[in-house]
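Dear colleague,

Here is the structure I said I would pass on. My notes on it follow below.

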Amino acid sequence: MPAKTFRAALAAVACASLAVTSVPASAGSMTREGFTFPADGQMNIVVFRPDVSVGSMKVGGMDEPNAEWTEQARANIQQQLEARAGQLNANVTFVDELEGEDAELLTEYRALFETVSGAVFQHVTQGDTLKTKEVRRMHNNNGRVRERTFPSLDWTLGPGAAQLKEATGADYAMFVFTYDAYGDAGRKAAQAVGMLGCLIGACVIVKAGVHVGYAGLVNLETGNIVWFNTDLSMGGDPRELDGAEKRVRQLMEGFPERQEADGASGVAE
């Protein structure tokens, strides 16, 4: 699924989640089967410039990006990511862009990550599971333990991702995307009218806006995606610093914990 198509699909599913209760509002976090961070030694994570889009949404559903909102939101999200970096028990560096041939390399892998993310979203998050990407493990359901089939986060960018390791010196790379479209005055008015219709049994649900995001972590030695989190109903207004703190907290939900030698957790809430 091409990146732009994936993002459009993500927003569409987020819109549907309001009107159709069977569509999950929050898609959740997954870690690659059997993955753990190494307990010993230095670990380096590079976080590439967050891909952020903030704008408004009209009555008909068309969005209109706002450059000022987007820049403010990106700065706030980056600041909150940097604040959280100290909790990861790793050396975390933030890179806006690379230079020269490395810049082209990063562009290629940003696009590849988006494409693979689309497949993860379709076949893992949305439940359109591929038989070749399932695992069997024991599941405890209210005390009844049975073996069940689960989707597996078995997706990779390929061994070529090691080029990013050479370019950055990092062991892992994190990609972050958030999209916000706030309802404009016309859409809010339509929302109010739709809610009034409920009084006479003719509800017309108009969602105030769309707020979605995802983040993923890639092992640069293998190219494997080792953690992926999607949220179709993100909270926190990233245009505000406090809102960005909530947004980053949700994006990082389920991030693998690195156990220190003494057993302490490497991620704090």
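I start with a loop residue: N89 lies in the loop between helix 2 and strand 5. Helices (H or I, at least four residues) and strands (E, at least two) are DSSP runs, numbered from the N terminus. The phi of N89 is near 55 degrees, a positive value in a residue other than glycine. N89 is partly exposed, at a relative accessible area of 24%; buried means under 20%, exposed over 50%, and partly exposed in between, with a 1.4 Å probe and protein chains only.

Please keep the provenance in mind. This is a predicted model, in which local features need pLDDT of at least 70 and side-chain atom pairs count only at pLDDT 80 or more, while totals for chains, interfaces and linings use all residues. Residues are numbered from 1 along each chain as its sequence is written, and side-chain values use heavy atoms, with hydrogens and water left out.

N142 also has phi near 55 degrees, again a positive value in a residue other than glycine. It is exposed, with a relative accessible area of 79%. N142 sits in the turn of a hairpin formed by strand 6 and strand 7, with 2 residues between them. Those strands, residues 134-141 and 144-151, pair in the antiparallel sense over 8 bridges (pairing requires at least two DSSP bridges). N141 stands opposite R144 in strand 7.

Helix 2 covers residues 67-85; its 19 residues reach 27 Å from first C-alpha to last, close to the 27 Å expected at 1.5 Å a residue (1.5 Å times one less than the number of residues). At its start, a side-chain oxygen of N66 comes to within 3.0 Å of the backbone nitrogen of E68. Buried residues of helix 2 include A73, I77 and L81, and also R74 and R84. Their cover includes strand 2, strand 3, strand 5, strand 8 and helix 6.

The largest nonpolar core has 33 residues, of which F48, F113, W155, L164, L220 and I225 touch the most other members. Such a core is a set of buried Ala, Val, Leu, Ile, Met, Phe, Trp, Tyr and Cys residues joined through side-chain atoms within 4.5 Å. Helix 3 gives the largest share, 9 residues. Leaving aside residues up to four places away in sequence, L164 touches F48, L98, L105, L106, Y109, G169 and L220, where contact means heavy atoms within 4.5 Å. A second, separate core of 27 residues includes M43, V92, M252 and F255.

Regards

Conventions
A polar contact is a pair of N or O atoms within 3.5 Å; within protein, one must be able to donate a hydrogen and the other to accept it, and residues adjacent in sequence count only if both atoms are side-chain atoms.
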